[in-house]
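Subject: Structure handover

Hello,

Here is the structure we spoke about, with its sequence. My notes on what was found follow below it.

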Amino acid sequence: MGYGAVNSQRGRSRDVLVLGAGAAGLMAAIEAGRRGLRVTVLDHAERPGKKILISGGGRCNFTNIHCRPENFLSENPHFARSALAGFTPQDFLELVHRHRIPYHEKTLGQLFCDGSAQAILDLLLEECAAAGVEIELRQKVTAVGHGSGFTVETESDSFGSSAVIVATGGLSIPKMGATGLAYEIARQFGLRVVEPRPALVPLTLDGAARESWCDLAGVSAEVVASTGKQRFREKMLVTHRGLSGPAILQISSYWRQGETVEIDFAPGEPVYAGLLALSAGRHTAAAETALRQVLPQRLAERLLALDPPQGWSNRALEAAEQRLHRWPVVPSGTEGFDKAEVTAGGVATAELSAKTMEAKRVPGLYFIGEAVDVTGHLGGFNFQWAWASGAAAGRAV
Ligand code: FDA
């Protein structure tokens, strides 16, 4: 499969230049190209859509059918509404059906390809080709200028256009080509950037906390992880350096340095209820048996070792029960951008039109996708934001 109409002609003027051939940039290019605009996508990578290919363990969790604005974090929680309503999971599914890509719902509305994520990239590249979009690879963008129109300089070429859509993503996974270009362009044009931070990222433990848990690396359990008002009931996985798994990745997007994460090790289960019955034996073995009903053995043993019930009175058992449901963990940090699935923060939504993604103060300049201060929960929401914000800009440009 080729990369649309890859063009070798240099330095010409286009209607629209899209910076970044990821999910958001390709979708914006398709929508703009379909409207008859002359569109070129520039990317420094040797191939487009690299993150699409590694996403969802290689099967791309390309959307979530339960997508709601509440599934996104942003300084302005309402900002994403308009774009999400303008291009819904159903709209993306129509493309998936048209390209006959087999898929399945894994859990919680998450849609994955049955086969490889390559199918989603092929869909986008075929739509780009049909819309007459040109894709120029190995074009590292170094500067964007603005006069009567825009000029975009790359390491080897110069391009002109009447509009620029910045879709160069965030800082997560630098070794896959992530750069802070979108933030640099925003700041150059006087637009505020919300401090980027790693999100959907494993949390690390140090000192006594690491000693308490990390030798159990590989053990997992369904928990509720919470901080503030945010709660996520999913799997937690102990790692060699701390905690991971979906529950922890989700809560990491909300967690700030120094805060406590509370773990409910037995969501909705009154673990010691059986021991409270008058006839029941009340001793460590009975407590362990009760814990093992709801948790893997090693985790049950560890919890009992770290916090044995302080006696066997009803009161002591109730207190132990409470602690099990609100176990405090203070992470030392996160695994950082190297391991973060996405970047939270980015170009401030207050600077952009929620309908079009155009910078309010710089007509013709648009920001979309992960570069913007809109971050989805785990489960296909980040791609849905990429499609929706890309479509909004591509239709408006
Ligand atoms: P994206 O990062 O995809 O694209 C930016 C493009 O800009 C890149 O092609 C890059 O090369 C280019 N670029 C950067 N700087 C440049 C420069 N200076 N000059 C030229 N080009 C430049 N989400 C989801 O919904 N479901 C999932 O299953 C997964 N799975 C997943 C797994 C892993 C391991 C990661 C790291 C991430 C995910 N995600 C995900 C998140 C998802 O991949 C992410 O939110 C989108 O790819 C963001 O799309 P964008 O187009 O905004 O940026």
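Strands β5 and β6 (residues 110-113) run antiparallel and are joined by three bridges. Across from Phe112 in β6 stands His104. Please keep in mind that the model is predicted.

These strands belong to an open sheet of three strands, ordered β3-β6-β5 and paired antiparallel. β3 (61-64) and β5 (103-105) are the edge strands, each with a single partner, so one side of each has no neighbour in the sheet. From one strand to the next, the twist averages 25°.

Two helices are worth a look. Helix α1 (residues 23-34) has twelve residues, which at 1.5 Å a residue should span 16 Å; its end C-alpha atoms lie 17 Å apart, in agreement with that. Eleven of the twelve residues of α1 are buried, so the helix is mostly covered, taking buried to mean under 20% relative accessible area. Among the buried residues are Leu26, Met27, Ile30 and Glu31. Gly36 follows α1 and has a positive phi, near 90°.

Helix α5 (residues 118-130) has 13 residues and reaches 18 Å from its first C-alpha to its last, close to the 18 Å expected at 1.5 Å a residue. Its buried residues are Ile120, Leu121, Asp122, Leu123, Leu124, Leu125, Glu127 and Cys128. After α5 comes Gly132, again with a positive phi, near 75°.

Next, the spaces in the model. The second largest pocket has a volume of about 270 Å³. It is lined by 13 residues, and Arg68, Asn71, Leu108, His377 and Phe381 are the closest to its centre. By class, the lining of this pocket has four nonpolar, six polar and three charged residues.

There are also two cavities of 30 Å³ or more. The largest cavity has a volume of about 50 Å³. Its lining consists of Tyr272, Leu291, Leu303, Asp307, Pro308, Pro309, Ala320, Leu324 and Trp327. Eight of these residues are nonpolar, none is polar and one is charged.

The second largest cavity holds about 30 Å³ of space. Around it are Trp213, Met236, Leu243, Ile263, Phe265 and Val329. This lining has six nonpolar residues, with no polar and no charged ones.

Regards

Terms used: Residues are numbered from 1 along each chain as its sequence is written. This is a predicted model: local features need pLDDT of at least 70, side-chain atom pairs count only at pLDDT 80 or more; totals for chains, interfaces and linings use all residues. Side-chain values use heavy atoms; hydrogens and water are left out. On a 1 Å grid over the protein atoms alone, a cavity is a set of points where a 1.4 Å probe fits but cannot get out, and a pocket is an open set with protein on both sides within 12 Å along at least five of seven lines; lining residues have an atom within 4 Å of a point. Grid points are joined across faces, edges and corners, and a volume is the space filled by probe spheres set on the points. Ala, Val, Leu, Ile, Met, Phe, Trp, Tyr, Cys and Pro count as nonpolar, Asp, Glu, Lys and Arg as charged, and the others, Gly among them, as polar. Helices (H or I, at least four residues) and strands (E, at least two) are DSSP runs, numbered from the N terminus. The expected span of a helix is 1.5 Å times one less than its number of residues. Buried means under 20% relative accessible area, exposed over 50%, partly exposed in between (1.4 Å probe, protein chains only). Two strands pair if DSSP finds at least two bridges between them. Axes are lines fitted to C-alpha atoms, for helices over the stretch in contact, and angles run from 0 to 180 degrees between N-to-C directions.
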